[in-house]
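Let's take a friendly walk through some side-chain pairings in this chain. Have the model open beside you as you read.

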Amino acid sequence: MSETEQERALLDLVTTQVAMVLGFPSVELVESQRAFRELGFDSLTAVELRNRLDAATGLRLPATIVFDHPTPVALARRLRTDVVQDGVSAAAPILGELDRIEAAMATISADDVDRPRITTRLQTLLLKWGEAEQDSGNPGKKAVSDKIQSATSDEIFDFIDKELGIS
């Protein structure tokens with residue numbers, strides 16, 4: 001990904017989060033060159049944006065980040081210097097896509113007929129992600145789904161009891 005593409009992806013991340021924090025119905029309402037204060041930010045919304053960006057990037061940004069980098073463009077550039085190390089970051093585009101998914105999900109009502117299908121798909125994706133992470137860290141261990149498939153009823157009940165703090 002080129003530097004320009006990285007900055008664009010991070011700007012998309014920032015503007016999407018700004019729109020969500022300020023309750024804008026569309027990310028297009030966020031002017032990327034406009035100061036955060038002019039967009040309606042105060043200290044509470046600045047901290048909320050910082051927290052969202054921390055979660056999205058895995059960084060620990062200062063509470064004053066919005067005031068230190070007063071526009072979405074300036075903040076995206078700052079994030080690029082923090083996120084991209086050695087010119088490579090695989091996480092930025094994925095995080096940008098997750099932000100777009102989160103924004104799209106916010107538009108789906110609780111009684112939408114496709115909601116269960118979306119939920120199942122997200123849970124499956126998360127399970128696969130977790131298994132891949134577990135497999136890479138512990139190559140000799142069985143995947144969670146394999147353990148569940150081969151477990152006896154007693155083993156499953158014991159596991160549930162331990163998780164709930166019953167035994």
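Which residue forms a salt bridge with Arg52? In this predicted model, the partner is Glu48, with the closest N and O atoms 3.8 Å apart. Both residues belong to helix α3 (residues 43-57), where they sit four residues apart, about one turn of the helix. Arg52 is partly exposed at 24% relative accessible area, and Glu48 is partly exposed too, at 34%.

The count of salt bridges comes to twelve. Here are three of them, with the N to O distance for each.

| Arg52 | Glu48 | 3.8 Å |

In the Arg34 pair, Arg34 is partly exposed at 31%, while Glu38 counts as exposed at 53%.

Asp12 counts as buried because its relative accessible area is 18%, under the 20% cut-off. Arg100 is partly exposed, at 36%. Both take part in a network of salt bridges that also includes Arg8 and Glu97.

Asp12 has another neighbor worth a look: its backbone oxygen lies 3.3 Å from a polar side-chain atom of Thr15. Thr15 is placed in helix α1 (residues 3-22) and is buried, at 8% relative accessibility. Leaving aside residues up to four places away in sequence, Thr15 touches Val27, Val30 and Pro72.

Terms used. Residues are numbered from 1 along each chain as its sequence is written. This is a predicted model: local features need pLDDT of at least 70, side-chain atom pairs count only at pLDDT 80 or more; totals for chains, interfaces and linings use all residues. Side-chain values use heavy atoms; hydrogens and water are left out. Helices (H or I, at least four residues) and strands (E, at least two) are DSSP runs, numbered from the N terminus. Buried means under 20% relative accessible area, exposed over 50%, partly exposed in between (1.4 Å probe, protein chains only). A polar contact is a pair of N or O atoms within 3.5 Å; within protein, one must be able to donate a hydrogen and the other to accept it, and residues adjacent in sequence count only if both atoms are side-chain atoms. Contact means heavy atoms within 4.5 Å. A salt bridge is a side-chain nitrogen of Lys or Arg within 4 Å of a carboxyl oxygen of Asp or Glu.
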